[in-house]
Amino acid sequence: MTDQAVDPDGVRLLRDVADEGRFLGRTRELKELRADIERAGLDTLSGRKAPRARVLLIAGRPGSGRSALAGELVRQVADRYPDGVLRARLSEPDGTRVPVERAARELLDALEAPAPAGADEDELSEALRTALADRRVLLLLDDAADAEQVDALLPDNPDCLAVAVSSGPLTGIADVRPCTLGGLDTKSAVEVLSRFTGSVRITVDPRAAERLAEQCEGQPAALVLAGGWLAARPKAAVADLARQLHTDPGQDTVVSRVLRLVHASLPASAARTLRLLSLAPAGLIDPHTAAALAGCSVESARTTLDDFVAHGLLHPVGSALPQYEVPCCLQPLLSALAEDHERPAELQLARARMLERTVRLLQSCRAITETDSLKAREKLLGMPRALRFPGPRAAADWLRVRRPALLAAARLAVADGELDTLARRLMSQLARAMVAHFGTQAAASDLYDIHGLVLDVAERRNLPRERAAALLNLGDLDARTGRTADALGRYRAALDAGREANDPYATGRAMESVGGAHLELGDYDRAADWFGRALAERLARGEHEDAARLYGRIGAAHTYAGRYGEALRDWRAAVAGHRRHGDVAAQARALSELARVQEYAGRLDESLRTCQEAVDWACRAEDTRLQAALHLRIADSFEHLGDPASAALHRGTAERMLAEEALEDDFEPEHGANACEIRSSSVED
């Protein structure tokens, strides 16, 4: 019964959480909760400053309106917290506990605070506390599974307030302010019904309305479903529904009884669609998902979803694209209905259709960014119109809005274990689409999770090639976030998997990455040794271009170790290799490094000549920054040789080049940072 705006990352930023005119009842509970905010805590009473944020607990069964009450409380007090209000859901729609690291990462993303990819729970919790240390925020933790979840996310800042929603007590958190919910009062319950039925039917038979409210036990979820049933039947009296509920009390909860009544009254196709919505990842549905599950057109699915909203069966999600959410209290009930009415094979087929549709949408989402690829354009035109995006911006918006559902789909597909081929295709396309639209750096956290799932499937299915690819990708992400020792372990495991798969690419890549990790750790002898092994592999396969690059890496290891003679030999080999392959830019960079080593070795005249040669090649490569860096190095060499006039000339040239380059950058359109694609599993599109 609240309107909520959802950001693309799944963390809800609540400014105007509930429309004051729509919220009903709970006057006493709201008054008590607001009074609890003002009341002194135990630490204050004992003369100590409160070390952490205060926690208010709203406890109640699913369907009791606990999240709506929390949203209304947040709306009323949000202006006291100038740094905003954050919301994270701590349980999946099926009741599964959300890992603390995922919730902490989403909150950090909402705060635009750094969250290293692959960081563990303790590191992310500490990062969240640091980010909130000097802010005054209100934290709404919805559907908390246990006290440990809430405790790990609490800021060490008494100026913050945490409102937790849970089914029971949060034992273990000090000074928690609990508010336990029952049903709505009769007046508010009847008013909920009247918003669906209109006032006439209530006025005609007020006793029947009160009796229906009592039969619904004042539970907002049951009242909304009952009101939706009546709204769809303008000629039905309130007493008719009250009699049906009275004759079928059953042993289920009141929400379950009303839902079964609503379900039985729907047309067969709509009832089946409703049941299958229980398969939607994260409880988030868009028309494409509903169409794939039900096997109907997207337009028909959109109409059905809007009808479900009118029945109170779905909540519309505030986003740029049409999206709906299954209320958490209905998720297990819809799953039970699906198990009762659908054969397991039919449920698996619906799940497979949904994953296949998602894979094709991701293919379309990525292909629209490849504007210079004729093959990609042809593939895109071969897709049905319903699966094509009007432009890259629309594709990026879809990917951003659907991100929580897409990641949830990958997790569910891997956990299912019966659809691993589709799961592998989904994860491959999801990783590529994210890199294409957001860049490797921005999507690093999601990519880490995706590659971890790829590794799970590869190990379960004994797929050494994909295991090697996943380990290499995870190692790269570990290395980028400073976990070099962890990356080294990943690379060694990838080497074993590459050898098992007889994959020369994975084997050579792993060897080079092991060398790079040793170089980062300062073990230059091992680094040079592993680079040498990778070089031997490249030469044996005739990959001379990569071999030239590896000569440079070996030269760098020798340079760091102070073995300048060996370094000079390898850098000369790198220069010769790049020259043979006509790679002008790489040749210029290798000459630049050769000049640096000559300078370190005290050969200033040779370094100066090599620098000047490198400038010529950098000019041919149109690499202005490298030219400027080389002119600065030449200036330093002239200063060491006692020629300050020449040094000043080259330094001025470098400064002019850098100034012109900066001016050009100001007028050039921005490009996605680090847009290189992480190599994913070798699954065909």
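Predicted model: local features only at pLDDT ≥ 70, side-chain atom pairs only at ≥ 80, totals over all residues.
Me: What share of the residues is buried?
Reply: Of the 685 residues in the protein chain, 52% are buried.

Me: And what box do the C-alpha atoms fill?
Reply: Along the principal axes, the box is roughly 105 × 65 × 45 Å.

Me: How many helices and strands are there?
Reply: The protein chain contains 32 helices and 9 strands. As for contacts between residues at least 6 apart in sequence, 66% of them join residues at least 24 apart.

Me: Turning to charge, how many positive and negative side chains does the chain have?
Reply: There are 88 positive side chains and 105 negative ones. The centres of these two sets lie 4 Å apart.

Me: Let us discuss the strands. In what order do β7, β8 and β9 form their sheet?
Reply: The order is β7-β9-β8, in an open sheet of 3 strands with antiparallel pairing. β7 and β8 (315–316) are the edge strands, since each pairs on one side only.

Me: Over how many bridges do β8 and β9 pair?
Reply: They pair over 2 bridges, with β9 covering residues 324–325. Within this part of the sheet, Pro316 stands opposite Tyr324 of β9.

Me: What about Glu112: what is its phi, and is it buried or exposed?
Reply: Glu112 also has a positive phi, of about 55 degrees. It counts as exposed because its relative accessibility is 75%, where over 50% is the cut-off. Its loop runs between α4 (100–110) and α5 (121–132).

Me: Back to α13, then. Which of its residues are buried?
Reply: The buried residues in α13 are Ala270, Ala271, Thr273, Leu274, Arg275 and Leu276.

Me: What covers them?
Reply: The cover includes the helices α12 (254–265), α14 (287–294), α15 (298–310), α16 (331–341) and α17 (344–367).

Me: Where is Thr197, and which residues does it touch?
Reply: Thr197 belongs to helix α7, which spans residues 186–197. Leaving aside residues up to four places away in sequence, Thr197 touches Ile202 and Leu230. Thr197 counts as buried because its relative accessibility is 13%, and the limit for that class is under 20%.

Me: Last topic: how many disulfides does a search of the whole structure find?
Reply: The search finds 0 disulfides. For Cys328, the nearest cysteine sulfur is that of Cys329, 7.7 Å away. A disulfide would need the two sulfur atoms within 2.5 Å, so Cys328 is in none.

Key. Residues numbered from 1 in each chain as written. Heavy atoms only, no water. Helix = DSSP H or I, 4+ residues; strand = E, 2+ residues; numbered from the N terminus. Buried < 20%, exposed > 50% of the residue type's maximum accessible area, 1.4 Å probe, protein only. Contact = heavy atoms within 4.5 Å. Lys, Arg positive; Asp, Glu negative; His and termini not counted. Charge placed at Lys NZ, Arg CZ, Asp CG, Glu CD. Pairing = 2+ DSSP bridges.
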